[in-house]
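Welcome, and please open your viewer. This tour tells you what to select next and what you will find there.

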Amino acid sequence: MNLEYLYRTIRFLIVIGVIVLSAITLYYISKVTYPFIIAIAIAFLINPIVNLLEKKARLPRAWAAFISIIMVVGIFVGLITLLIAEIVSGANYLADEIPGHVDTFVKFVEDFVASQVIPLYHQIAGMFNNLEDGQQNTILENIQNAGQSFASSAGDFLQQFFRKLPNLISWIPNAATVLVFASLATFFISKDWYKLSSKFSKHLPGKAVSSGRKVFIDLKRALFGFIRAQFTLISITAVIVLIGLLILRVDYAITIALVSGLVDILPYLGTGAVFVPWIIYEAIAGDFGLAIGLSVLYLIVVVQRQIIEPKVLSSSIGLDPLATLVALFVGFKLVGFLGLIIGPVTLVILQTLSRAGVFKDIWEFIKGKPAGK
(Lines give C-alpha, C1' and ligand atoms only; values in the text may rest on other atoms or scores of the structure.)
Protein backbone atom coordinates (compact mmCIF):
# COMPACT_ATOMS: atom_id res chain seq x y z
CA MET A 1 0.00 0.00 0.00
CA ASN A 2 1.20 3.52 -0.83
CA LEU A 3 2.37 5.13 2.44
CA GLU A 4 1.09 8.54 1.33
CA TYR A 5 -2.49 7.25 1.06
CA LEU A 6 -2.09 5.43 4.38
CA TYR A 7 -1.03 8.65 6.12
CA ARG A 8 -3.88 10.56 4.49
CA THR A 9 -6.35 7.92 5.71
CA ILE A 10 -4.91 8.15 9.23
CA ARG A 11 -5.12 11.98 9.21
CA PHE A 12 -8.70 11.77 7.87
CA LEU A 13 -9.66 9.43 10.71
CA ILE A 14 -7.97 11.78 13.17
CA VAL A 15 -10.09 14.69 11.88
CA ILE A 16 -13.29 12.63 12.13
CA GLY A 17 -12.34 11.46 15.62
CA VAL A 18 -11.62 15.00 16.82
CA ILE A 19 -14.96 16.25 15.44
CA VAL A 20 -16.95 13.40 17.02
CA LEU A 21 -15.10 13.65 20.33
CA SER A 22 -15.57 17.43 20.42
CA ALA A 23 -19.30 17.08 19.71
CA ILE A 24 -19.74 14.47 22.47
CA THR A 25 -17.71 16.55 24.92
CA LEU A 26 -19.68 19.71 24.17
CA TYR A 27 -22.95 17.80 24.57
CA TYR A 28 -22.13 16.50 28.04
CA ILE A 29 -20.54 19.75 29.18
CA SER A 30 -23.56 21.75 28.01
CA LYS A 31 -25.88 19.60 30.16
CA VAL A 32 -24.29 21.06 33.33
CA THR A 33 -23.28 24.50 32.06
CA TYR A 34 -26.33 25.53 30.02
CA PRO A 35 -27.16 28.55 32.25
CA PHE A 36 -23.77 30.01 31.36
CA ILE A 37 -24.21 29.12 27.68
CA ILE A 38 -27.50 31.03 27.80
CA ALA A 39 -25.66 33.89 29.51
CA ILE A 40 -23.01 33.98 26.77
CA ALA A 41 -25.72 34.08 24.11
CA ILE A 42 -27.59 36.93 25.85
CA ALA A 43 -24.36 38.85 26.46
CA PHE A 44 -23.52 38.42 22.79
CA LEU A 45 -26.93 39.76 21.74
CA ILE A 46 -26.89 42.82 24.03
CA ASN A 47 -23.23 43.63 23.38
CA PRO A 48 -24.08 46.26 20.69
CA ILE A 49 -26.38 48.02 23.20
CA VAL A 50 -23.70 47.90 25.89
CA ASN A 51 -21.11 49.33 23.48
CA LEU A 52 -23.52 52.10 22.46
CA LEU A 53 -24.21 53.12 26.06
CA GLU A 54 -20.53 52.93 26.93
CA LYS A 55 -19.40 55.11 24.00
CA LYS A 56 -22.31 57.51 23.46
CA ALA A 57 -23.54 57.92 27.05
CA ARG A 58 -19.98 57.60 28.45
CA LEU A 59 -21.09 55.13 31.11
CA PRO A 60 -18.75 52.68 32.82
CA ARG A 61 -18.89 49.23 31.24
CA ALA A 62 -20.50 47.70 34.33
CA TRP A 63 -23.31 50.28 34.38
CA ALA A 64 -23.83 49.96 30.64
CA ALA A 65 -24.18 46.18 31.01
CA PHE A 66 -26.54 46.52 33.97
CA ILE A 67 -28.77 49.05 32.20
CA SER A 68 -28.84 46.93 29.03
CA ILE A 69 -29.97 43.87 30.97
CA ILE A 70 -32.64 45.92 32.77
CA MET A 71 -33.83 47.29 29.41
CA VAL A 72 -34.09 43.81 27.88
CA VAL A 73 -35.89 42.44 30.94
CA GLY A 74 -38.18 45.49 31.00
CA ILE A 75 -39.12 45.07 27.35
CA PHE A 76 -39.76 41.35 27.88
CA VAL A 77 -41.87 41.96 31.00
CA GLY A 78 -43.72 44.78 29.23
CA LEU A 79 -44.59 42.54 26.29
CA ILE A 80 -45.75 39.78 28.65
CA THR A 81 -47.84 42.30 30.63
CA LEU A 82 -49.39 43.67 27.43
CA LEU A 83 -50.14 40.15 26.23
CA ILE A 84 -51.73 39.21 29.57
CA ALA A 85 -53.82 42.40 29.54
CA GLU A 86 -55.04 41.62 26.03
CA ILE A 87 -55.78 38.03 27.03
CA VAL A 88 -57.80 39.20 30.05
CA SER A 89 -59.69 41.67 27.87
CA GLY A 90 -60.33 38.98 25.28
CA ALA A 91 -61.40 36.55 28.01
CA ASN A 92 -63.99 39.03 29.27
CA TYR A 93 -65.27 39.44 25.73
CA LEU A 94 -65.43 35.67 25.27
CA ALA A 95 -67.21 35.27 28.61
CA ASP A 96 -70.04 37.40 27.20
CA GLU A 97 -70.04 35.81 23.75
CA ILE A 98 -69.32 32.12 24.45
CA PRO A 99 -72.83 31.20 25.77
CA GLY A 100 -74.37 32.24 22.44
CA HIS A 101 -71.65 30.40 20.51
CA VAL A 102 -72.16 27.28 22.63
CA ASP A 103 -75.90 27.35 21.95
CA THR A 104 -75.18 27.66 18.23
CA PHE A 105 -72.75 24.74 18.34
CA VAL A 106 -75.16 22.55 20.37
CA LYS A 107 -77.97 23.29 17.92
CA PHE A 108 -75.69 22.38 15.02
CA VAL A 109 -74.77 19.06 16.71
CA GLU A 110 -78.43 18.29 17.43
CA ASP A 111 -79.43 18.98 13.82
CA PHE A 112 -76.50 16.95 12.51
CA VAL A 113 -77.33 13.96 14.73
CA ALA A 114 -81.01 14.11 13.84
CA SER A 115 -80.50 14.49 10.10
CA GLN A 116 -77.37 12.42 9.51
CA VAL A 117 -76.29 10.17 12.39
CA ILE A 118 -79.65 8.59 13.32
CA PRO A 119 -80.65 7.68 9.72
CA LEU A 120 -77.14 6.33 9.15
CA TYR A 121 -77.40 4.31 12.36
CA HIS A 122 -80.72 2.74 11.27
CA GLN A 123 -79.26 1.97 7.86
CA ILE A 124 -76.17 0.30 9.34
CA ALA A 125 -78.29 -1.58 11.90
CA GLY A 126 -80.50 -2.93 9.09
CA MET A 127 -77.45 -4.04 7.09
CA PHE A 128 -75.95 -5.62 10.22
CA ASN A 129 -79.12 -7.62 10.98
CA ASN A 130 -79.09 -9.01 7.45
CA LEU A 131 -75.61 -10.50 7.93
CA GLU A 132 -74.92 -14.07 8.98
CA ASP A 133 -74.10 -14.88 12.60
CA GLY A 134 -70.41 -15.44 11.87
CA GLN A 135 -70.08 -12.08 10.10
CA GLN A 136 -71.86 -10.33 12.94
CA ASN A 137 -69.53 -11.93 15.50
CA THR A 138 -66.48 -10.89 13.47
CA ILE A 139 -67.66 -7.28 13.32
CA LEU A 140 -68.42 -7.23 17.05
CA GLU A 141 -64.98 -8.68 17.85
CA ASN A 142 -63.28 -6.04 15.71
CA ILE A 143 -65.26 -3.29 17.43
CA GLN A 144 -64.32 -4.68 20.84
CA ASN A 145 -60.66 -4.92 19.88
CA ALA A 146 -60.69 -1.36 18.59
CA GLY A 147 -62.32 -0.17 21.82
CA GLN A 148 -59.79 -2.04 23.97
CA SER A 149 -56.91 -0.65 21.90
CA PHE A 150 -58.24 2.90 22.26
CA ALA A 151 -58.79 2.46 26.00
CA SER A 152 -55.29 1.03 26.41
CA SER A 153 -53.72 3.92 24.46
CA ALA A 154 -55.71 6.49 26.45
CA GLY A 155 -54.72 4.80 29.70
CA ASP A 156 -51.04 4.76 28.76
CA PHE A 157 -51.20 8.44 27.79
CA LEU A 158 -52.81 9.45 31.09
CA GLN A 159 -50.37 7.26 33.03
CA GLN A 160 -47.35 8.87 31.34
CA PHE A 161 -48.85 12.34 31.81
CA PHE A 162 -49.35 11.93 35.56
CA ARG A 163 -45.92 10.34 35.93
CA LYS A 164 -44.29 13.34 34.23
CA LEU A 165 -46.42 15.89 36.08
CA PRO A 166 -44.15 15.93 39.20
CA ASN A 167 -41.13 16.50 36.95
CA LEU A 168 -42.95 19.39 35.29
CA ILE A 169 -43.78 20.94 38.65
CA SER A 170 -40.24 20.42 39.94
CA TRP A 171 -38.98 22.24 36.82
CA ILE A 172 -40.36 25.56 38.12
CA PRO A 173 -37.84 26.09 40.97
CA ASN A 174 -35.08 24.78 38.70
CA ALA A 175 -36.07 27.36 36.06
CA ALA A 176 -35.95 30.11 38.69
CA THR A 177 -32.46 29.00 39.74
CA VAL A 178 -31.29 28.90 36.12
CA LEU A 179 -32.74 32.38 35.56
CA VAL A 180 -30.83 33.81 38.54
CA PHE A 181 -27.51 32.21 37.54
CA ALA A 182 -27.97 33.16 33.87
CA SER A 183 -28.77 36.78 34.78
CA LEU A 184 -25.73 37.13 37.05
CA ALA A 185 -23.47 35.40 34.54
CA THR A 186 -24.81 37.65 31.75
CA PHE A 187 -23.86 40.73 33.75
CA PHE A 188 -20.31 39.57 34.50
CA ILE A 189 -19.69 38.26 30.97
CA SER A 190 -21.03 41.42 29.37
CA LYS A 191 -19.05 43.64 31.76
CA ASP A 192 -15.76 41.85 30.98
CA TRP A 193 -16.59 40.85 27.38
CA TYR A 194 -13.41 42.17 25.77
CA LYS A 195 -11.16 41.13 28.67
CA LEU A 196 -12.47 37.57 28.48
CA SER A 197 -12.12 37.57 24.68
CA SER A 198 -8.52 38.74 24.97
CA LYS A 199 -7.65 36.11 27.59
CA PHE A 200 -9.29 33.39 25.53
CA SER A 201 -7.38 34.45 22.40
CA LYS A 202 -4.01 34.23 24.19
CA HIS A 203 -4.46 30.48 24.68
CA LEU A 204 -5.09 29.79 20.98
CA PRO A 205 -2.68 29.61 18.05
CA GLY A 206 -2.52 32.68 15.80
CA LYS A 207 -4.11 30.84 12.89
CA ALA A 208 -7.00 29.68 15.08
CA VAL A 209 -7.51 33.23 16.40
CA SER A 210 -7.57 34.65 12.86
CA SER A 211 -9.97 32.02 11.55
CA GLY A 212 -12.08 32.21 14.70
CA ARG A 213 -12.41 35.98 14.37
CA LYS A 214 -13.64 35.61 10.78
CA VAL A 215 -16.11 32.92 11.83
CA PHE A 216 -17.31 35.03 14.76
CA ILE A 217 -17.87 38.14 12.61
CA ASP A 218 -19.76 36.20 9.92
CA LEU A 219 -21.86 34.33 12.46
CA LYS A 220 -22.64 37.58 14.27
CA ARG A 221 -23.77 39.18 11.03
CA ALA A 222 -25.81 36.09 10.11
CA LEU A 223 -27.39 35.77 13.56
CA PHE A 224 -28.58 39.36 13.70
CA GLY A 225 -29.66 39.03 10.08
CA PHE A 226 -31.70 35.94 10.98
CA ILE A 227 -33.36 37.74 13.90
CA ARG A 228 -34.08 40.74 11.67
CA ALA A 229 -35.52 38.44 9.01
CA GLN A 230 -37.85 36.72 11.48
CA PHE A 231 -38.98 40.06 12.89
CA THR A 232 -39.64 41.29 9.33
CA LEU A 233 -41.68 38.19 8.47
CA ILE A 234 -43.69 38.40 11.70
CA SER A 235 -44.36 42.11 11.14
CA ILE A 236 -45.53 41.53 7.56
CA THR A 237 -47.87 38.75 8.71
CA ALA A 238 -49.29 40.86 11.55
CA VAL A 239 -49.89 43.86 9.26
CA ILE A 240 -51.62 41.74 6.58
CA VAL A 241 -53.81 40.04 9.19
CA LEU A 242 -54.66 43.40 10.79
CA ILE A 243 -55.66 44.95 7.46
CA GLY A 244 -57.72 41.87 6.55
CA LEU A 245 -59.53 41.79 9.90
CA LEU A 246 -60.27 45.51 9.74
CA ILE A 247 -61.78 45.01 6.29
CA LEU A 248 -63.85 42.12 7.66
CA ARG A 249 -64.81 44.31 10.67
CA VAL A 250 -63.73 41.75 13.24
CA ASP A 251 -63.59 42.79 16.91
CA TYR A 252 -60.20 42.86 18.67
CA ALA A 253 -58.42 42.97 15.31
CA ILE A 254 -55.19 44.33 16.83
CA THR A 255 -55.00 41.58 19.46
CA ILE A 256 -55.71 38.83 16.95
CA ALA A 257 -53.14 40.28 14.53
CA LEU A 258 -50.47 40.35 17.26
CA VAL A 259 -51.24 36.77 18.29
CA SER A 260 -51.18 35.68 14.63
CA GLY A 261 -47.79 37.32 14.18
CA LEU A 262 -46.40 35.57 17.26
CA VAL A 263 -47.70 32.12 16.34
CA ASP A 264 -46.28 32.65 12.85
CA ILE A 265 -42.93 31.79 14.47
CA LEU A 266 -44.18 28.23 14.95
CA PRO A 267 -42.81 26.09 12.11
CA TYR A 268 -45.37 24.48 9.81
CA LEU A 269 -48.39 25.43 11.97
CA GLY A 270 -47.96 29.19 11.91
CA THR A 271 -51.11 31.27 11.59
CA GLY A 272 -53.07 28.10 10.83
CA ALA A 273 -53.21 27.49 14.59
CA VAL A 274 -55.44 30.60 14.79
CA PHE A 275 -57.27 30.64 11.45
CA VAL A 276 -58.17 26.99 10.81
CA PRO A 277 -60.27 26.45 13.99
CA TRP A 278 -61.77 29.93 13.57
CA ILE A 279 -62.80 29.25 9.95
CA ILE A 280 -64.32 25.87 10.89
CA TYR A 281 -66.31 27.40 13.72
CA GLU A 282 -67.67 30.26 11.60
CA ALA A 283 -68.73 27.74 8.93
CA ILE A 284 -70.51 25.65 11.58
CA ALA A 285 -72.15 28.77 13.05
CA GLY A 286 -73.53 29.63 9.63
CA ASP A 287 -71.55 32.83 9.06
CA PHE A 288 -70.29 31.73 5.65
CA GLY A 289 -69.35 35.27 4.61
CA LEU A 290 -66.86 35.62 7.48
CA ALA A 291 -65.63 32.05 6.97
CA ILE A 292 -64.89 32.75 3.29
CA GLY A 293 -63.24 36.07 4.16
CA LEU A 294 -61.01 34.43 6.78
CA SER A 295 -60.15 31.64 4.33
CA VAL A 296 -59.05 34.17 1.70
CA LEU A 297 -57.03 36.09 4.31
CA TYR A 298 -55.37 32.90 5.55
CA LEU A 299 -54.53 31.89 1.97
CA ILE A 300 -52.94 35.31 1.35
CA VAL A 301 -50.85 35.02 4.54
CA VAL A 302 -49.63 31.51 3.66
CA VAL A 303 -48.78 32.40 0.06
CA GLN A 304 -46.91 35.59 0.95
CA ARG A 305 -44.97 33.70 3.65
CA GLN A 306 -43.88 31.01 1.19
CA ILE A 307 -42.87 33.59 -1.42
CA ILE A 308 -41.18 36.14 0.83
CA GLU A 309 -39.45 33.90 3.41
CA PRO A 310 -36.61 32.57 1.19
CA LYS A 311 -35.96 36.05 -0.22
CA VAL A 312 -35.96 37.78 3.19
CA LEU A 313 -33.75 35.11 4.77
CA SER A 314 -31.31 35.13 1.87
CA SER A 315 -31.00 38.93 1.81
CA SER A 316 -30.71 39.24 5.60
CA ILE A 317 -28.31 36.34 6.16
CA GLY A 318 -26.40 36.66 2.90
CA LEU A 319 -27.34 33.29 1.42
CA ASP A 320 -28.41 32.38 -2.07
CA PRO A 321 -32.25 32.11 -2.26
CA LEU A 322 -32.08 28.64 -3.83
CA ALA A 323 -29.60 27.43 -1.19
CA THR A 324 -31.87 28.84 1.53
CA LEU A 325 -34.89 27.07 0.04
CA VAL A 326 -32.96 23.77 -0.12
CA ALA A 327 -31.79 24.23 3.49
CA LEU A 328 -35.38 24.83 4.64
CA PHE A 329 -36.67 21.71 2.87
CA VAL A 330 -33.78 19.42 3.90
CA GLY A 331 -33.94 20.66 7.50
CA PHE A 332 -37.69 20.01 7.64
CA LYS A 333 -37.31 16.49 6.20
CA LEU A 334 -34.44 15.51 8.53
CA VAL A 335 -35.40 17.18 11.81
CA GLY A 336 -39.04 18.14 11.41
CA PHE A 337 -40.48 21.51 12.44
CA LEU A 338 -37.26 22.71 14.09
CA GLY A 339 -35.42 21.90 10.87
CA LEU A 340 -36.95 25.02 9.33
CA ILE A 341 -34.72 26.96 11.73
CA ILE A 342 -31.81 24.53 12.03
CA GLY A 343 -31.46 24.17 8.25
CA PRO A 344 -30.63 27.82 7.44
CA VAL A 345 -28.50 28.15 10.61
CA THR A 346 -26.47 25.08 9.62
CA LEU A 347 -26.03 26.47 6.12
CA VAL A 348 -24.81 29.77 7.59
CA ILE A 349 -22.29 27.98 9.80
CA LEU A 350 -20.98 25.89 6.90
CA GLN A 351 -20.70 28.93 4.65
CA THR A 352 -18.94 30.89 7.41
CA LEU A 353 -16.43 28.10 8.02
CA SER A 354 -15.80 27.91 4.29
CA ARG A 355 -15.17 31.67 4.02
CA ALA A 356 -12.78 31.51 6.97
CA GLY A 357 -10.78 28.81 5.19
CA VAL A 358 -11.43 26.16 7.85
CA PHE A 359 -12.37 23.45 5.37
CA LYS A 360 -9.37 24.32 3.20
CA ASP A 361 -7.02 24.01 6.19
CA ILE A 362 -8.54 20.66 7.16
CA TRP A 363 -8.16 19.38 3.60
CA GLU A 364 -4.55 20.56 3.49
CA PHE A 365 -3.91 18.75 6.77
CA ILE A 366 -5.42 15.55 5.40
CA LYS A 367 -3.27 15.81 2.26
CA GLY A 368 -0.20 16.41 4.42
CA LYS A 369 0.51 20.02 3.49
CA PRO A 370 1.06 22.75 6.06
CA ALA A 371 -2.12 24.72 6.73
CA GLY A 372 -2.45 28.04 4.98
CA LYS A 373 0.11 27.27 2.30
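A residue is called buried under 20% relative accessible area, exposed over 50% and partly exposed in between, using a 1.4 Å probe and protein chains only. By that rule, 24% of the 373 residues of the protein count as buried. The model is predicted, so local features need pLDDT of at least 70 and side-chain atom pairs count only at pLDDT 80 or more, while totals for chains, interfaces and linings use all residues. Residues are numbered from 1 along each chain as its sequence is written, and side-chain values use heavy atoms, with hydrogens and water left out.

**The whole chain**

Start with a cartoon view. You will find 11 helices and 0 strands; here helices (H or I, at least four residues) and strands (E, at least two) are DSSP runs, numbered from the N terminus. A contact means heavy atoms within 4.5 Å. Among contacts between residues at least 6 apart in sequence, 61% join residues at least 24 apart.

Select Ile-38 in helix H1, which covers residues 3–56. Ile-38 is partly exposed, with a relative accessible area of 38%.

Next, go to Ser-68 in helix H2, residues 61–129. Is this serine buried or exposed? Ser-68 is buried, at a relative accessible area of 0%. Leaving out residues up to four places away in sequence, Ser-68 touches Ile-46, Ile-49, Val-50 and Leu-53.

Between H1 and H2, pick Arg-58 in the loop. Most residues other than glycine have a negative phi. Arg-58 is not a glycine, yet has a positive phi of about 55°. Its relative accessibility is 72%, so Arg-58 counts as exposed.

**The largest nonpolar core**

A nonpolar core is a set of buried Ala, Val, Leu, Ile, Met, Phe, Trp, Tyr and Cys residues joined through side-chain atoms within 4.5 Å. The largest one here has 14 residues, and those with the most contacts inside it include Val-241, Val-250, Phe-275 and Leu-294. Colour H5 (206–248), H6 (253–263), H7 (272–285) and H8 (288–317) to see the elements that give two or more residues to this core.

Show the side chain of Leu-294 next. Beyond residues up to four places away in sequence, Leu-294 touches Leu-245, Leu-248, Phe-275, Trp-278, Ile-279 and Glu-282.

**Around H7**

Which residues of H7 are buried? They are Gly-272, Val-274, Phe-275, Trp-278, Ile-279 and Glu-282. Look down the axis of H7: these buried residues fall within an arc of 155°, so they line one face of the helix. The arc is taken from the directions from the helix axis to the C-beta atoms.

Then bring in H6, which packs against H7 at an angle of about 125°, with the axes 8 Å apart. Where the two helices meet, Ile-256, Val-259, Ser-260 and Val-263 in H6 contact Val-274, Phe-275 and Trp-278 in H7.

Just after H7, click on Gly-286, which takes a positive phi of about 95°.

**Last stop**

Finish in the loop between H5 and H6, where you will find Arg-249. Arg-249 is not a glycine, but has a positive phi of about 60°. Arg-249 is also exposed, with a relative accessible area of 77%.

Notes: Axes fitted to C-alpha atoms, helices over the stretch in contact; angles between N-to-C directions.
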